[in-house]
Amino acid sequence: MAVSETFHGPEAPPLSVKNFAGISTLGVFFGTWTALVMAFLYIPIALLVVFSFNSARLNIRWEGFSTKWYEALLSNHVLLGAFQNSLIVASATTVLSTLLGTLGAWMLYRYRFPFQGALGLLIFIPMVMPEVLMGVSLLVLFVQLLHMPLGFTTMIIAHTTFCFPFVLVAVQARLQGLDPSQEEAAMDLGATPFQAFRKVILPYLMPAIISGALMSFTLSLDEYIVSVFTTGSQSQTLPLKVYGMAKVGLNPQLNALSAIFIAATFAFALAVHFFGKKKNL
Amino acid sequence: MKKTTLLLSALAAFALIGTTHAAPNKNLNIYCWSEYIPQAVIDRFAKETGTKVTVENYASNEEMLSKLAAGGGAYDIIQPSEYVMEALVKEKFLHPIDRAKIPNLKNIAPQFLNLAFDPGNKFSVPFMAGTVGIVVNTDLIKTEIRGFNDVFKPENKGNIVVLDDAREIVAWALLANGMGVNQITDKNLNKIKPTLEKWLPLVKVYDSDSPKTALLNGDVAVGVVWGGEGAILLNKNKKFRWIIPAEGSHMFIDSLAIPKAAKNVESAEEFMNFILRPEISKEISEEFPYLNPNLAARALMTKKELENPASFPTDEEMKKMQLFKDIGTQASEIEEIVTTLKAQ
Amino acid sequence: MAGFAAPTGVAPPPGGHHRAPGLLAWIILSPLLLWLLLFVVAPTLMLTAVSFAERDALGRIVWNFSLQNYFRAFDWVWLKILFQSLYYAFLTTLICMAVGYPAAYCIGRAPERWRGILLMLVMVPFWTSFLIRTYAWITILSKEGIVNSLLISAGIFTEPVSLLYSPFAIVLGLVYNFLPFMILPIYTSVEKLDNAMIEAAYDLGAGPLRAFSQVIIPLTRPGIAAGAMLVFVPSIAMFAITTLMGGGTNPMIGEVIFKQFTSGRNQPFGAALGTILLLVFILTLWLARSQRMKEE
């Protein structure tokens, strides 16, 4: 779409020669830096994948190659079930957080609500509040005030509460640079505010929404303390099962699980990438 | 015609789903420590009795307490340590157990029954016990270590790992000063303050979850850790030595108990009896090498397991063991003392 | 151009885009409002209420009004820990900014097809369990780990250095875990820069370095500000990483509060500490915003 393209920083005509040399040195520097950052991010990941093939149970020193943990993992219904629960909770949380965060950011940007300032402060509270406080107070809220049974619903609500501010902040930052005339132009051409939002604003916000969603998913997947207080026995997620494992040494099956999940995610991402590439042709 | 067939098949499908998912009448909800009851044991119980068992884990007694106190979760079995048991019994939080339904209780060594925190075992059966002791990496420390005062010497500065447990640390200081672990009064706390001020700056790592990590990695050379951790280290490498401190030490006993709000007391008692079977108890010990109070189970264990000093102290050492009593509100003061000294 | 504008949600954009909300707008906003009221405001009020209560031997709350917890909380011991946590959070934010900006810039300027994959690459390591990640770092940095082996074989040191259980390890752990939360927001600001803008920046005559620092960075300020908030704020109460990597010798405010709910058996005191933390934070935020509003 022509309008949305302007917001996506398209591949414009190449830079002029006189700037090229200076920019390309900078470019090399940045490229190397990014590669180093990626390496930094993946050092422990590489180690944990290597150690998933460690024959030792106590996964602190390397003792030999073995695939037994992968085999054991396939029959470990507890761990796999917990992982599945984690994915369910994280996905639901991401969807809810993205909705709340995006709509919230847009509404606060576009309209002047009477308590704008207070809202701006309130959204930071779940971020700064120590998790144990949030967990305990939500537990009391759920059990004693709302009389809800603990389980998936309570966990998803709890996770969403501290995830959506991340989406909101990310989208707000992107809104900062929005040219208001774009929306007005669209409406001048006959679009309703809804259509203007859907066809002009939303595509513009996409990178921020995706960033927010990625952050939500990540936060929810690994959340321990809040989950402790808001989970029921059927909704045990992976961090809950894993946390006490350190007592006898983290089971290398965990490494295997992580390795498989990372591989699957990469495979999926590459598939989407190549499928998208084909579509463009 | 088509619509009716569709409706009928839908109903049939529902009926099928209904029967396959007909939950067994019995549901058992266990709230216990992580890595304490092997999954195989739980699966075997579920299969044998046709009970559907769900397990929820916690990483500390107080985590369990705060969730229970806030009204969360209806659990049939909980697994408190001895000082928490005492508090729970006092606050009438527990459902009494029917000893007649748990005949296997006779397998437990008498020294683990009828203890102060639950006289007559009206509310609990012992699950596992354990000690706290000293582990030394003899490759790095050549001098002999006999007790707390040998560990906390200036030359060991930056080479020590201890449990991140204020109650434990204070208990050791009390023992080193010739007092009992439960003699926690303001006066005594003031007396041991100099000891703590001397000891804590020497500590490199505080870790209650996996102190063996720092020892195995060579980042520290000596530690005061749980018996289970010690047993794992000893099994791992001969260079580690286990010592029960000469001044005495803490022995913990974890029990199985039934909260008052439990929905399925019958299955809970069935489970307790199941755990106390010799072969089941042995299986638990094999996976988690703690102090097994079950004599019948010990009879089935290998010599190597029984001779692991971190799992099974000698009779001499047992005499020096002390159980924790509940100290109620003073827990907070102890926390503050240790935190203050850590932050300096 | 305004500094910490958007993340705190008040700065009117140039052109005054704010309108009075109509009924529809209120309806659309209501889910968010309800959510905030029910799951943020209510629990926070409960928390504040608990902070004025006492507790019994089992650690349960006894509803007698008492200022005891606050008297106890305003002690240098706790305040020192609070300030230390703020300090580490601040340091982490600065380092994340420095380390993360170039990477975010690179990803934002990469060919469009690759941006999604690069973002995923940044995020995916954190879809593993945080425990195994942190234990992996412990293995790497330990005295018998890879880093020490490399340092010794390269001749830089003759004996293994204690890298773990130190402020260095704490900051490393924090920066590692929060880096994506700096990179992603900055990316969203970089992504909308187009070549024309950048060309113009360099055309202004200064060398590439000055063009970058004086034009491009300010253009991406909202992203930097957002990243700073998304790293600084959550890292204040973070303690699991600091305890594992730091060895527990530097207690953080998050840990102290957590302990009040567990071994300390003093929930009201923990609630008081938490309320103080919230107040300090809200005050700082409010001051920063009114300062900025004055500037405009």
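In chain B of this predicted model, strand E4 (residues 124-137) and strand E9 (residues 249-257) run antiparallel and are joined by seven bridges. Strands here are DSSP runs of E with at least two residues, helices are runs of H or I with at least four, and both are numbered from the N terminus. Two strands are said to pair if DSSP finds at least two bridges between them. Within this pairing, Pro126(B) has Ser255(B) of E9(B) as its bridge partner. E9(B) also pairs with strand E10 (residues 321-322) of chain B, in the parallel sense and over two bridges. There, His250(B) is bridged to Gln322(B) of E10(B).

E9(B) is largely enclosed by the rest of the structure, because nine of its nine residues are buried. A residue is called buried if 20 or more other C-beta atoms lie within 10 Å of its own, exposed if 12 or fewer do, and partly exposed in between, with C-beta atoms placed from the backbone. Both faces of the strand are covered: one side carries the buried residues Ser249(B), Met251(B), Ile253(B), Ser255(B) and Ala257(B), and the other carries His250(B), Phe252(B), Asp254(B) and Leu256(B), also buried. Glu307(B), in contrast, counts as exposed because it has 11 C-beta neighbours inside 10 Å. Glu307(B) is located in the loop between helix H13 (303-306) and helix H14 (315-319) of chain B. Its C-alpha atom is separated by 27 Å from that of Ile42(B), 265 residues apart along the chain.

Chain B is divided into domain 1 (6-128 + 253-312) and domain 2 (130-251 + 320-343), with bounds that come from an automatic or database domain assignment. The C-alpha centres of the two domains of chain B lie 30 Å apart. Between them, 15 residues of domain 1 are in contact with 16 residues of domain 2, a contact being a pair of residues whose C-beta atoms, placed from the backbone, lie within 7 Å. On the domain 1 side, helix H4 (residues 82-90) of chain B gives the most, with four residues. That side divides into 11 nonpolar, two polar and two charged residues. Ala, Val, Leu, Ile, Met, Phe, Trp, Tyr, Cys and Pro count as nonpolar, Asp, Glu, Lys and Arg as charged, and the others, Gly among them, as polar.

Chain A has 13 helices and zero strands. Of its 281 residues, 50% count as buried. Among contacts in chain A between residues at least 6 apart in sequence, 79% join residues at least 24 apart.

The contact between chains A and B takes 22 residues from chain A and 24 residues from chain B. Helix H7 (131-145), helix H11 (225-230) and helix H12 (238-242) of chain A each supply at least two residues to the side that touches chain B. The largest share of that side, five residues, comes from H7(A). By type, the side of chain A that touches chain B comprises 15 nonpolar, five polar and two charged residues.

Chain A also meets chain C, with 96 residues of chain C in contact with 92 residues of chain A. Helix H1 (residues 23-51) of chain C provides the largest share of the chain C side, 15 residues. The residues on that side divide into 72 nonpolar, 16 polar and eight charged.

Residues are numbered from 1 along each chain as its sequence is written, and chains are lettered from A and ligands numbered from 1 in the order in which they are written. As the model is predicted, local features need pLDDT of at least 70 and side-chain atom pairs count only at pLDDT 80 or more, while totals for chains, interfaces and linings use all residues.

Note on methods: Two residues are in contact if their C-beta atoms, placed from the backbone, lie within 7 Å.
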